[in-house]
Amino acid sequence: MSGASSSSTCLHSFPIADSTRPQEHRHSYVRKNAVMAVYTIYKNFEFLIPDAPELIQTFMAAESDTTSIRNAFVMLQATAPQRAIEYFVQVYDQIPSLDEMMQLAVIELIRKESKSANNEGPIKVRFRGWCEAVVADES
């Protein structure tokens, strides 16, 4: 048996999903780093955690640490943009009260989505409504 096939077999038998469930740890620094670990593993070896976007989206719904949520949002932007947009739509009214790093991540999502071919996506509709409200307030 060659070394390459042996290491491949080891990777498939390693319970990676069980050891990287970030929502199960009590310390926020572990959870925020676990999210980034899941992101890196998914980005490089998607077959190891095929349900990572769903796992992270579920994690975001239950998480209270802002850095962990931001890391999860950044992962969703890169790996499952539609899920990031769903989260954006859910927290749209709370954006002014989010911490600065999360606001920057939201701005990055808006920037990426504004370049997309979809002319009437949910972000553009919300952003257009916000711009119209600002202009109306100034007049």
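## How the helices are described

Axes here are lines fitted to C-alpha atoms, for helices over the stretch in contact, and the angles between N-to-C directions run from 0 to 180 degrees. Two packed helices are described by the angle between their axes and the distance between the axes. The helices themselves are DSSP runs (H or I, at least four residues; strands are E, at least two), numbered from the N terminus.

The structure is a predicted model, in which local features need pLDDT of at least 70 and side-chain atom pairs count only at pLDDT 80 or more, while totals for chains, interfaces and linings use all residues. Residues are numbered from 1 along each chain as its sequence is written, and side-chain values use heavy atoms, with hydrogens and water left out.

## The chain as a whole

Let's start with the overall view. The chain has 8 helices and 0 strands, so its elements run α-α-α-α-α-α-α-α from the N terminus on. Of the 139 residues in the chain, 34% are buried (buried means under 20% relative accessible area, exposed over 50%, and partly exposed in between, with a 1.4 Å probe and protein chains only).

Contacts, meaning heavy atoms within 4.5 Å, also tell us about the chain. Among those between residues at least 6 apart in sequence, 54% join residues at least 24 apart.

## Helix H3

Helix H3 covers residues 28–44, and at 1.5 Å a residue its 17 residues should span 24 Å. The expected span is 1.5 Å times one less than the number of residues. The end C-alpha atoms of H3 are 24 Å apart, which agrees.

Which residues of H3 are buried? They are Arg31, Ala34, Val35, Val38, Tyr39, Ile41 and Tyr42.

## H3 beside H4

Helix H4 (residues 52–62) packs against H3 at an angle of about 160°, and the two axes are 10 Å apart. That makes H3 roughly antiparallel to H4 (angles over 145 degrees count as roughly antiparallel, under 35 as roughly parallel, 65 to 115 as roughly perpendicular and the rest as oblique). H3 passes H4 in a left-handed crossing; a crossing is left-handed if the near helix is turned anticlockwise from the far one by less than a right angle, and right-handed if clockwise.

On the H3 side, Arg31, Val35, Val38 and Tyr42 meet Ala52, Pro53, Ile56 and Phe59 of H4. The residues of this contact of H3 with H4 divide into 7 nonpolar, no polar and 1 charged. Here Ala, Val, Leu, Ile, Met, Phe, Trp, Tyr, Cys and Pro count as nonpolar, Asp, Glu, Lys and Arg as charged, and the others, Gly among them, as polar.

## H3 beside H5

Helix H5 (residues 66–79) is another partner of H3: their axes come within 8 Å and cross at roughly 10°. That makes H3 roughly parallel to H5. H3 brings Ser28, Arg31, Lys32, Val35, Met36, Val38, Tyr39 and Tyr42 to the contact, and H5 brings Thr67, Ser68, Asn71, Ala72, Met75, Ala78 and Thr79. By class, the contact of H3 with H5 has 8 nonpolar, 5 polar and 2 charged residues.

## H4 beside H6

H4 also packs with helix H6 (residues 81–91), at an angle of about 15° and with axes 10 Å apart. H4 and H6 are therefore roughly parallel to each other, and their crossing is right-handed. Pro53, Glu54, Gln57 and Met60 in H4 meet Arg83, Glu86 and Tyr87 in H6. This contact of H4 with H6 has 3 nonpolar, 1 polar and 3 charged residues.

Tyrosine 42 lies in H3 and is buried, with a relative accessible area of 11%. Leaving aside residues up to four places away in sequence, tyrosine 42 touches Ile49, Pro50, Ala52, Pro53, Met75 and Thr79. The C-alpha atoms of tyrosine 42 and alanine 52 are separated by 6.7 Å, with the two residues 10 apart along the chain.

Asparagine 71 lies in H5. Is asparagine 71 buried or exposed? Asparagine 71 is buried, at a relative accessible area of 8%, and touches Lys32, Val35 and Met36, not counting residues up to four places away in sequence.

Glutamate 108 has its place in helix H7 (residues 100–114). Glutamate 108 is partly exposed, with a relative accessible area of 27%. Its C-alpha atom and that of glutamine 77, 31 residues apart along the chain, are separated by 8.8 Å.
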